[in-house]
Amino acid sequence: MAIEKRQILDMNAFDRRRQDSAVADQVTRRLSNLGATSVLFYQDPIEMVSGDGAWMTSQDGTRYLDFYNNVLSVGHCHPTVVEAISRQTALLTINTRYLNRVVDDYLDALKSKLPSSLSNIALTCSGSEANDLAMRVACSVSGNQGFIVTENAYHGNTRTVTEISPSALKRHPLPDHVVTVPAPGRVNFGDDPADGMAQAVDQAARLLKQRGYGLAAFICDSVFSSDGVFAHPAGLLTKAVECVHRHGGLYIADEVQPGFARTGGGFWGFEHHLATPDMITMGKPMGNGYPIAGLATRPEYFERFCDDVGYFNTFGGNPVAAAAGHAVLDIIEQEGLQKNAKDRGQYLAQKLGALADISSCISEVRSIGLFIGVEISKDKHIDIPDPQLASAIIAGLRHQNVLIGAAGKFGNVLKIRPPLCTDQAEADFFINALTTVLGNQ
Ligand code: PMP
């Protein structure tokens, strides 16, 4: 039986059409307010009321270890972020058309983390806006209209960005100016994913040329998270990016998920690919929950774009957002969170590898720092995904007070993203819970 492809927002999601829906008052109220745009985790959704560190507490007082977390990356309600936001909110909140040194102090600090060539940053409120702007700049700079993305990519929710997000499209095919390449796993490319990616990108670029669009950009999430978490080997994208440039396009690194030290070895996921992006987009963990995102690129690219059209963002990069963002950078540095992501990530990968050896369903563990994908397959055959079992494991973990998510074309990859501050006891709590859940299957 063919296994169905699944949209990223449908994974581990509450389905109101199911007979067993636990439609409690709160769920009914939510659905009556948000209607069909409501996306909730779990068939039995959880009402959360507070958070601290790696934990969240629900209405009934249950504490959950948040290993799905990649927004509250330095820990829920980190006091330094709370203090920075409160202080700046009490002092001044304005639109972005005034000079304000809180904003420039932040941008200087953020730029110290970026390749020196990408010395201009446009701040936005969401990753979607950052990617939308990146796409428009890429078209303007390259003079082309075509985009290459991975098969199950998600890059956001504006109209332009939805068109390059195959994992968000339910009915309609991708538009003609978008061509996909497979995710760089061994199922698709065998032992040399770097070469496989370069060849796939080359073919896609040729197709875009034939269709009359040319190549504006290859955009990819640096850990290919919605495709199922793929980051290895080092240098995975070097040849693919050379190919993109040969075809006159730009390389956009979408760091919305992996950025800000999560991958441990570097501050950004792309560093592992040994290719410098022409543009970097970022978001989610940037303000530890305060909405802030951005696009970094070369000054001449923004100049070219702004010759054609003005760009202004009322809330993007306001002083409160900048204060939150600056606090996040300081915390990562002061608490050694990049090193923690590396060390704790290695520990979890080693423990998960040992679990895989004795399990009958884990066909592969893929990880970089605290970004982990665990492939769940029938009888460990990596080419026979088992999304039902993956869903059962995610639901089982929830009953062991651990929150994780799903990814991959078929939704059979456990997506595990502990906060960067995860300590040893929390890592062990997760491994023990997963061991119990696997034992119950
Ligand atoms: N890019 C990637 C890789 C994402 O995962 C997301 C959000 N899931 C976005 C962009 C869009 O970010 P936002 O939801 O902040 O608009």
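## Ligand site

A polar side-chain atom of lysine 284 lies 3.1 Å from a nitrogen atom of the ligand, a polar contact being a pair of N or O atoms within 3.5 Å (within protein, one must be able to donate a hydrogen and the other to accept it, and residues adjacent in sequence count only if both atoms are side-chain atoms). The protein covers 83% of the 390 Å² of accessible area that the ligand has on its own, as computed by the Shrake-Rupley method with a 1.4 Å probe, where for residues only the protein chains shown count as cover. This is a predicted model, in which local features need pLDDT of at least 70 and side-chain atom pairs count only at pLDDT 80 or more, while totals for chains, interfaces and linings use all residues. Residues are numbered from 1 along each chain as its sequence is written, and side-chain values use heavy atoms, with hydrogens and water left out.

An N or O atom in the side chain of serine 128 is 2.5 Å from an oxygen atom of the ligand, and one in the side chain of aspartate 254 is 2.7 Å from a nitrogen atom of the ligand. The residues surrounding the ligand, each with a heavy atom within 4 Å of it, include Asn131, Tyr154, His155, Asp221 and Gln257.

## Helix α4

With 3 residues, helix α4 (residues 127-142) gives the most to the shell around the ligand; helices (H or I, at least four residues) and strands (E, at least two) are DSSP runs numbered from the N terminus. Of the 16 residues in α4, 13 are buried, that is, under 20% relative accessible area, with exposed meaning over 50% and partly exposed in between (1.4 Å probe, protein chains only). From first C-alpha to last, α4 reaches 22 Å, close to the expected 22 Å, which is 1.5 Å times one less than the number of residues. Glycine 143, which follows α4, has a positive phi near 75 degrees.

Helix α7 (residues 193-210) has 18 residues and spans 25 Å between its first and last C-alpha, close to the 26 Å expected. Its buried residues include Pro193, Met197, Val201, Asp202 and Leu208, and among the elements that cover them are β5 (146-150), β7 (215-221) and α8 (238-246).

Arginine 211 sits in the loop between α7 and β7 and counts as partly exposed because its relative accessibility is 37%. Beyond residues up to four places away in sequence, arginine 211 touches Asp176, Val178 and Val179, contact meaning heavy atoms within 4.5 Å. Just after α7, glycine 212 takes a positive phi of about 90 degrees.

Leaving aside neighbours within four places in sequence, phenylalanine 430 is in contact with Leu65, Phe67, Leu348, Leu352, Leu397, Val402, Ile404 and Ile416. Phe67 is also one of the contacts of threonine 422, a residue in the loop between β15 (413-416) and α13 (424-440). Threonine 422 counts as buried because its relative accessibility is 0%, and a polar atom of its side chain lies 2.6 Å from the backbone oxygen of proline 419.
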